[in-house]
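Have a look at the model shown here, then try each task before reading its solution.

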Amino acid sequence: MDITQHQPSAEDMCFSRRQFLHRFGMGFGALSLAGLFGQSLGSSAQGAINLSPLAPREPMFPGRAKRVIHIFSQGGPSHIDTWDPKPGLEKFADQEVKEIGGVPLPTQFKFTKMGQSGVEVSEIFPKIGAHIDDIAVIRSMNTDIPAHEFATLMMNTGSGRLVKPSMGSWVLYGLGAENQNLPGFVALGGGLGGSSNWRSAFLPGAFQGTLVGSVSAPPDRIIENIRSQFASRPQQRRQLDLLKAMNDMHAERLAHEPVLEARIQSFELAFNMQTEAMNTFDVTKEPQAIRDLYGDSEIGRRMLVARRLVENGVRFVQVWAGGWDHHTDVKGNLIKQAESIDQPIGALLTDLKQRGMLDDTLIVWGGEFGRTPRHDRGARGEPGRDHHHRAFCAWMAGGGIKGGQAYGTTDEFGYDVVENKVHVHDLHATILHQLGFDHEKLTYRYNGRDFRLTDVFGNVVEGLVS
């Protein structure tokens with residue numbers, strides 16, 4: 001008798017509940033479990049995805065953009081004061097206007113035609129306005145409900161209630177990552193709603209966003225726990241190799257498990273990030289002139305890091321730039337918020353254009369909704385604005401967007417859209433189109449249904465694309 005057959009081996013450690021059922025003759029029970037838990041990454045309309053879910057993949061058709069930077073100004077920027085001038089409000093300033101439910105609050109800012117296109121820009125955005133010929137301002141945005149958390153989730157996931165994958169997760173799912181040593185989707189900052197805005201939900205965990213709360217700390221503290229305090233890099237490498245070997249043995253006997261694969265992928269990514277991520281987040285490696293261009297602020301550093309991330313192969317970067325919930329002192333608060341983003345965003349557009357990256361990098365700016373054209377709560381008094389979902393502004397630049405235009409029209413008060421209405425689902429459909437995807441076909445099957453970012457709605461806004 002060959003006693004080596006009875007000696008313990010590594011394979012004996014890979015023993016699952018399903019394998020136990022198989023070995024003890026309960027085949028039907030095993031089949032039931034396989035039906036419940038055996039869904040793999042290949043269950044999508046994209047077809048089978050290999051063992052590296054973040055491997056780069058070709059889009060459905062040639063896209064004009066390869067990556068996205070989403071600048072999310074959470075809080076609800078006032079469209080009347082930023083990108084949709086309504087000078088006619090002045091003549092109604094001292095009277096109740098039934099159409100808007102209260103007393104109009106005219107803007108206190110001057111608008112000027114800028115660039116060769118002559119699109120009107122508020123005086124609070126001089127440096128962004130200098131790039132107006134590359135920007136398509138959407139004056140006809142609308143969403144479903146004027147509540148911050150609902151509308152924030154809607155803008156980021158396409159759903160205000162259901163737990164749905166974020167826009168960045170869908171982009172990463174469709175295109176994969178260009179750099180396997182960095183996360184494919186990074187959220188810089190964060191705000192109301194927390195991880196729901198960058199989670200992968202029912203998509204495999206490998207497509208979830210990586211949150212970086214602040215970029216003002218030293219590089220080795222920006223992403224916590226990225227380096228082990230207890231094991232050297234060679235020791236970590238051996239640990240990961242052992243883990244992979246054990247998983248391979250497990251996979252030979254059973255179907256690949258997405259949750260397990262995603263967890264191991266995250267371990268590998270964290271290991272690889274120890275060197276490359278530290279370099280990418282270290283803005284001191286930039287020339288002083290570039291750092292001065294962006295400005296010495298948290299938002300300025302976020303914009304600079306965003307450029308460094310997309311330059312190094314990150315597919316989707318979301319820059320959180322909140323603080324726009326101006327129920328009181330809309331003038332003073334807007335001046336403060338505009339100053340915080342005007343120089344950094346202007347610098348980002350300048351920097352990307354100088355590097356030849358604006359052509360294939362899509363920039364999207366906006367909040368979750370807008371503000372009312374009337375005084376807050378409708379009455380005369382504190383000069384602030386309430387939430388408004390029926391009309392607001394966003395803008396897009398780069399990535400094949402037709403710049404130098406104002407798309408869509410609101411009524412004389414800025415209260416309702418009267419021409420070329422653009423819902424959040426339409427915006428998402430357009431973003432995916434620029435990346436090379438038919439938004440109706442980029443789907444993932446879950447619970448017996450093919451889900452997509454745009455749910456069962458949305459149309460590409462043809463007037464925005466060149």
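**Exercise 1. Describe the pairing of Arg445 with Asp450 and how accessible each residue is.**

Step 1: The side chains of Arg445 and Asp450 meet in a salt bridge, with 3.0 Å from N to O. A salt bridge here is a side-chain nitrogen of Lys or Arg within 4 Å of a carboxyl oxygen of Asp or Glu.

Step 2: Arg445 is partly exposed at a relative accessible area of 38%, and Asp450 is partly exposed at 42%. Buried means under 20% relative accessible area, exposed over 50%, and partly exposed in between (1.4 Å probe, protein chains only).

Before going on, a word on the source: this is a predicted model, in which local features need pLDDT of at least 70 and side-chain atom pairs count only at pLDDT 80 or more, while totals for chains, interfaces and linings use all residues. Residues are numbered from 1 along each chain as its sequence is written, and side-chain values use heavy atoms, with hydrogens and water left out.

**Exercise 2. Find out whether Arg377 and Asp386 are buried or exposed.**

Step 1: Arg377 forms a salt bridge with Asp386, and their closest N and O atoms are 2.8 Å apart.

Step 2: Arg377 is exposed, with a relative accessible area of 61%, whereas Asp386 is buried at 10%.

**Exercise 3. Work out which parts of the chain the salt bridge of Arg67 ties together.**

Step 1: The partner of Arg67 is Asp360, with the closest N and O atoms 2.8 Å apart.

Step 2: Arg67 lies in strand 1 (residues 67-72) and Asp360 in the loop between helix 12 (330-354) and strand 8 (361-366), so the pair ties together parts that are 293 residues apart in sequence. Helices (H or I, at least four residues) and strands (E, at least two) are DSSP runs, numbered from the N terminus.

Step 3: Arg67 and Asp360 are both buried.

**Exercise 4. Locate Arg199 and list its contacts.**

Step 1: Arg199 sits in the loop between strand 5 (185-188) and strand 6 (210-212), and Arg199 is partly exposed, at 30% relative accessible area.

Step 2: Leaving aside neighbours within four places in sequence, Arg199 is in contact (heavy atoms within 4.5 Å) with Val163, Lys164, Pro165, Ser166, Ser169 and Gln208.

Step 3: One of these residues, Ser169, is among the buried residues of helix 6. In helix 6 (residues 167-175), nine of its nine residues are buried.
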